[in-house]
Amino acid sequence: VGWGDERLTGEVSADVALAGLYRSHGAWLVGLLEVFVGNRATAEDLAQEAFLRTYRAWPRLRDQDRAAGYLRSTALNLARSGFRRRLVEMRHASSPARDELGADVQVVLREEQREVIAALRTLPARQRECVVLRFYGELSETEIASAVGISVNSVKTHMRRGLAALEARLEPEARLQEDR
Amino acid sequence: MNINERLRDALGEYRDQARVSPDLFDRIEARTQRPVLLRRPAVSFRTLVPAAAALLVIVTIAVTLVIRTGGPDEAQVSSGAAGGCAGNLYAINDGTVSRIDAATGAVSAPISVDTDPGTSPQAVAIAPDGKHAYVTSILRSATDLEGNVGDGTVSVIATATGKVSAPIPVGKEPGTVAIAPDGKHAYVTSLDGTSGEGTVSAITTATGKVSARIPVADAPGAVVITPDGKHAYVSSAPRAVGPNIPTAGTVSVITTATGKVSARIPVGKGPGDVAITPDGELAYVTTFDGTSGEGAVSVITTATGKVSPLKAVGKHLGGVVITPDGEHAYVASGDYGVGDAEATVSVITTATGEVSAPITVGSVFAPVAVRGGSVLISPDSEHAYLISFDILFDDSGPVGPVATVLVIDTASSAVSARIPLGRTGDFAPVPLAICPARSAPRRP
């Protein structure tokens, strides 16, 4: 069946799916990526790539929910490693155009929120991802497992360790009281 | 506020303030159709001919390795004693290094090269004596949330024990690594400074110290050493206007004794991988034209620096490797449109320059066919190794991509085995390196 041939399949074509997914997840994904990469321009570059790859995977996905899962997992992978080096390479070439975009906007945080983000930064990657997906993304453990690429049990472990480490760093007093 | 409330508050701020540039969707839509500049004005794809299938020209970080092999009198393979190197491949996948037994397909437990959780391994090469594997990594932890360039390190794994040395600091954003035939120096490419200035760091392997930092052309990718150890060839593929449109590239030739670049050879657009014939006479360089996606191979006569006319090979070339007998060059390539893609291997007969029709070795999910980059040949020339990717599904949804090592029987060009490596940490390259045939060092 040809690409986007709705007459034959009754399915949503890739471009319709892309538009729908972008409407439901565009800003959400950029915000999520900004948590991980710290600036909106990089977050937008990664989101762009993640949407594009999901578009390409549509023939295999053929379902909006699956596509959303695929989008999250791809975005996380892109933020994690590998692709970042290529982004650096892009940056060298495309900086003049970038300045015109005004995309170097950043989320404004209060002091106590900055502390939380700084503490998140010290966590191992998997723990950070689990915590962010839960508290930013409000995803279920199953959805987090799929996005991070680990089992539900691992999600529980990473979440527990991540939260404990954050608590130790941010709320040492509360922690001491608990221990007593 | 307890910790949960604080997290919900801080991260909720990101959600509340999440905005996208008004043209982001147009940029995505434009890229669904054909190669475009990252910041190109939007084109509504409904106005374009659907048959003009999108070709995303990707930035290939070609992974290069120098395979050292013995002559006929040295061809006997060591007995593969436990922990020995011979018969193994090393792969980087999802932030760790794995050792793969090429015969059985057994994959070792992942080896972490650094305790720092931000460590992201980039490339691996194995010393000619097979005793050590060298792994380049980028450190993200310090810069993770700023998206800055990361500091680079090289870690050394003892192949017998799996023990990892303390990381050796090198330049920013290291790419590939190659080890001199005498094993005394390792050479690492990196991107220093803010404009991608290229550097090659020479590490004295005995001391683990960087003994020279050699400036090369911007955006270096592959580095390989000539069989006599006298020169290093470094490909550089600067990109003029966007990630996908490489401009004219060069190969810098370093004289290893002086640490100076003795020549810069223009080789066409987007040079990726480099391989040198065992007699040291010819250097094969893969290139691709970012606009058309067409790939080609440039052949440099090392004595003169002359470049032969480019041979068209296929689309989106990845790695190139030359058989131990020097008779053939294998070039990995991936051709893809909007949906699935094919991973292919083309075989060049070095004596005549004849290029075989591309041999399809796998059906690979879209833009990743050449991301894996490398193609390897076993020391006995019987097998070639290539990475493919797949998307799998389970009850919770898509799982993947999953990287697989394709083992190709060179005599029949058929895939003789598939070794799954597990989920990749990206559709990122899964760099491979192969152990030399013998564990004893070969003295020329």
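Are B:Arg6 and A:Glu171 buried or exposed? Both B:Arg6 and A:Glu171 are buried, where buried stands for under 20% relative accessible area, exposed for over 50% and partly exposed for what lies in between, computed with a 1.4 Å probe on protein chains only. The model is predicted, so that local features need pLDDT of at least 70 and side-chain atom pairs count only at pLDDT 80 or more, while totals for chains, interfaces and linings use all residues. Residues are numbered from 1 along each chain as its sequence is written, chains are lettered from A and ligands numbered from 1 in the order in which they are written, and side-chain values use heavy atoms, with hydrogens and water left out.

**Salt bridges between the chains**

- Over all chains the count comes to 15 salt bridges, a salt bridge being a side-chain nitrogen of Lys or Arg within 4 Å of a carboxyl oxygen of Asp or Glu.
- B:Arg6 forms one of them with A:Glu115, with the closest N and O atoms 3.2 Å apart; because B:Arg6 lies in helix H1 (residues 3–17) of chain B and A:Glu115 in helix H6 (residues 111–121) of chain A, the pair joins two chains.
- The side chain of B:Arg6 also meets that of A:Glu171 in a salt bridge, at 3.1 Å from N to O, and this pair likewise crosses between chains, A:Glu171 lying in the loop between helix H9 (152–170) and helix H10 (172–179) of chain A.
- B:Arg6 has 10% relative accessibility and therefore counts as buried, whereas A:Glu115, at 38%, counts as partly exposed.

**Sheet in chain B**

- In chain B, 4 strands form an open sheet in the order S3-S4-S5-S6 with antiparallel pairing; helices (H or I, at least four residues) and strands (E, at least two) are DSSP runs numbered from the N terminus, and two strands pair if DSSP finds at least two bridges between them.
- Strand S3 (119–126) and strand S6 (168–172) are the edge strands, each pairing on one side only.
- Strand S5 (residues 151–158) is joined to S6 of chain B by 4 bridges, and B:Gly152 has B:Val170 as its bridge partner in S6.
- B:Lys172 in strand S6 and B:Asp151 in strand S5 are 21 residues apart and form a salt bridge whose closest N and O atoms are 2.6 Å apart.

**Disulfide**

- The structure holds 1 disulfide over all chains, defined as a pair of cysteine sulfur atoms within 2.5 Å, and B:Cys85 and B:Cys435 form it with their sulfur atoms 2.0 Å apart.
- The torsion about the S-S bond of B:Cys85 and B:Cys435 is about -75°, so the disulfide is left-handed, and both cysteines are buried.
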